[in-house]
Amino acid sequence: MKKTAVIIAIALGCSINALNATNEIATISTKEVVVNQTISPFCLSILKGDYETAKKLIDLGADINAKSLGLTPAMYAAKFNRTDILKLLVEKGAKLKVKSDKGMTAEKYAELSNATDALSYLRQLES
């Protein structure tokens, strides 16, 4: 009888350990990190090609060299081939040699995006 009680106790102990191990594995959870980044309204108007809104924001004092998500307004204009807005930014004194957080200029963004009109305009300025 003693042997039976010891065997049952050992079996019960092993099964409880197995259940605990299973529960620990099943209850491990992952945590998701969400970074909320938004583009500035000024750069958003450039991205959408809204010349009038971009012009109004400049007239109201928007910083034409302020980065949004690591890019300047000129970089957005160059990247999305918004040549008319790019010309406006240049007229207002946009700095074209500034580098993005990734180390690229407006010209490089135009080149990588195949924005031919913006690229030819930027290269014309260099000449």
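## Helix 5 beside helix 7

Helix 5 and helix 7 run roughly parallel to each other, because their axes cross at roughly 25 degrees and angles under 35 degrees count as roughly parallel. Please keep in mind that this is a predicted model. The two axes come within 9 Å, with helix 5 covering residues 83-91 and helix 7 covering residues 116-126. The crossing of helix 5 past helix 7 is right-handed.

Which residues make the contact? Helix 5 brings Thr 83, Leu 86, Lys 87 and Val 90, while helix 7 answers with Asp 117, Ala 118, Tyr 121, Leu 122 and Leu 125. Sorted by class, that gives six nonpolar residues, one polar residue and two charged residues.

## Helix 2 against helix 3

Now for a second pair. Are helix 2 and helix 3 roughly parallel or roughly antiparallel? They are roughly antiparallel, because their axes cross at roughly 150 degrees and angles over 145 fall in that class. These axes come within 8 Å, and helix 2 passes helix 3 in a left-handed crossing.

On the helix 2 side you will find Pro 41, Phe 42, Ser 45 and Ile 46. Their partners on helix 3 are Thr 53, Ala 54, Leu 57 and Ile 58. This contact holds six nonpolar and two polar residues, with no charged ones.

## The largest nonpolar core

In soluble globular proteins, nonpolar side chains tend to be buried together. Here, the largest nonpolar core has 26 residues, and those touching the most other members are Phe 42, Ile 46, Leu 86, Leu 89 and Ala 110. Two or more residues each come from helix 2 (41-48), helix 3, helix 4, helix 5, helix 6 (106-112) and helix 7. Helix 4 gives the largest share, with five residues.

Leu 89 is worth a look of its own. Setting aside residues up to four places away in sequence, Leu 89 touches Phe 42, Ile 46, Ile 58, Ile 64, Pro 73, Ala 74, Ala 77 and Ala 94.

## A buried threonine in a loop

Where does Thr 72 sit? Its place is in the loop between helix 3 (51-59) and helix 4 (73-79). With a relative accessible area of 2%, Thr 72 is buried, because the cut-off for that label is under 20%.

Beyond its neighbours within four places in sequence, Thr 72 is in contact with Asn 65, Ala 66, Lys 67 and Val 98.

How values were computed
Residues numbered from 1 in each chain as written. Predicted model: local features only at pLDDT ≥ 70, side-chain atom pairs only at ≥ 80, totals over all residues. Heavy atoms only, no water. Helix = DSSP H or I, 4+ residues; strand = E, 2+ residues; numbered from the N terminus. Buried < 20%, exposed > 50% of the residue type's maximum accessible area, 1.4 Å probe, protein only. Contact = heavy atoms within 4.5 Å. Axes fitted to C-alpha atoms, helices over the stretch in contact; angles between N-to-C directions. Parallel < 35°, antiparallel > 145°, perpendicular 65-115°, else oblique. Left-handed = near helix turned anticlockwise from the far one by under 90°. Nonpolar A, V, L, I, M, F, W, Y, C, P; charged D, E, K, R; others polar. Core = buried A, V, L, I, M, F, W, Y, C linked by side-chain atoms within 4.5 Å.
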